[in-house]
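Welcome to this short tour. Please open the structure in your viewer and keep the selection tool ready.

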Amino acid sequence: MKNQKFIPALGYDALSIYYDAIIRLTMPEREFRKRLINWIDPKNSDQILEFGFGTGQNLLLLAQQNRQAKVSGVDIDPKIKHIAETKFARVGIDIPLYLYDGKTLPFPENSFDKVFSSLVFHQLDRNTKLHCLNEILRVLKPNGHLIIGDWGKAKSKWMRIKFLLVQLLDGFATTTDNVNGLMPTYIKNAGFVGVSEVDFINTKIGTYSYYIAQKP
Ligand SMILES: C[S@@+](CC[C@H](N)C(=O)[O-])C[C@H]1O[C@@H](n2cnc3c(N)ncnc32)[C@H](O)[C@@H]1O
């Protein structure tokens, strides 16, 4: 499958193998992922998809939190999929992972109770943000929930300055709308309702915000 152009997990392909180590160094990893899982609130019968699973850290935590929930992930990068699959095999957990061609998510409409995404949307340009949100809306069941954790509106001048490091790695074109607090507008424009920023964490490299929304 030929994927469209994308920004790899750490901005450059060769850095992907260091992703977990860099996140541990620069982010309060345990805390930001724990809060993400709490907001996802996995129930026994839930069908849950992670959009942009990266090295699989969130999926592992989610599967450990509720073994009855049916969790799976989709990502655009075959190399990162291999890294996640190797990790899952090492710990003996079986989580289905799929590749996305950047156009159509490989699932029928109304498939999932919850779709979540972490640290992905700041890597997407405006059109791609909207396109991916439309695709997520399509595969969610009616009343299904979207949970996004990503760089959000900087909560202080100092946070704004620190975020320049992320912008230097990932580029200004995709990250500026995030740090200006425009994610809720994108989510609403895609057709979601009940959109709100429910939480945030100030990290060493910027403000990580949590957004919740629902498919009508
Ligand atoms: C910074 S990593 C985040 C990984 C993980 N969600 C986390 O919280 O650590 C961003 C991920 O989004 C994926 N990605 C980038 N563009 C994408 C797109 N258009 N569709 C799906 N995934 C994409 C990248 O391949 C990468 O694995």
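Start by selecting helices H3 (residues 57–65) and H4 (residues 78–91): their crossing is right-handed, a word used when the near helix is turned clockwise from the far one by less than a right angle, anticlockwise being left-handed. Helices (H or I, at least four residues) and strands (E, at least two) are DSSP runs, numbered from the N terminus. The two helices pack at an angle of about 30 degrees, and their axes lie 10 Å apart. Axes are lines fitted to C-alpha atoms, for helices over the stretch in contact, and angles run from 0 to 180 degrees between N-to-C directions.

This is a predicted model, in which local features need pLDDT of at least 70 and side-chain atom pairs count only at pLDDT 80 or more, while totals for chains, interfaces and linings use all residues. Residues are numbered from 1 along each chain as its sequence is written, and side-chain values use heavy atoms, leaving out hydrogens and water.

Now show the side chains where the helices meet. Gln-57, Leu-59 and Leu-60 of H3 are in contact with Lys-87, Phe-88 and Val-91 of H4 (contact means heavy atoms within 4.5 Å).

Next, colour the sheet. Which order do the strands of this open sheet follow? The seven strands run S3-S2-S1-S4-S5-S7-S6, with mixed pairing; two strands pair if DSSP finds at least two bridges between them. At the edges are S3 (97–99) and S6 (193–203), each pairing on one side only. On average, neighbouring strands are turned by 20 degrees against each other, direction ignored. H3 comes back into view here: this helix packs on the sheet and touches S1, S2, S3 and S4 (112–118). The direction of H3 makes about 175 degrees with that of S2.

Zoom in on S6 and its partner S7 (residues 206–214), which pair in the antiparallel sense over eight bridges. Strands of a sheet pair through backbone hydrogen bonds, either parallel or antiparallel. S6 and S7 form a hairpin with two residues between them. Select Asp-199 to find its bridge partner Tyr-210 in S7, then Ile-201, which stands opposite Tyr-208 in S7.
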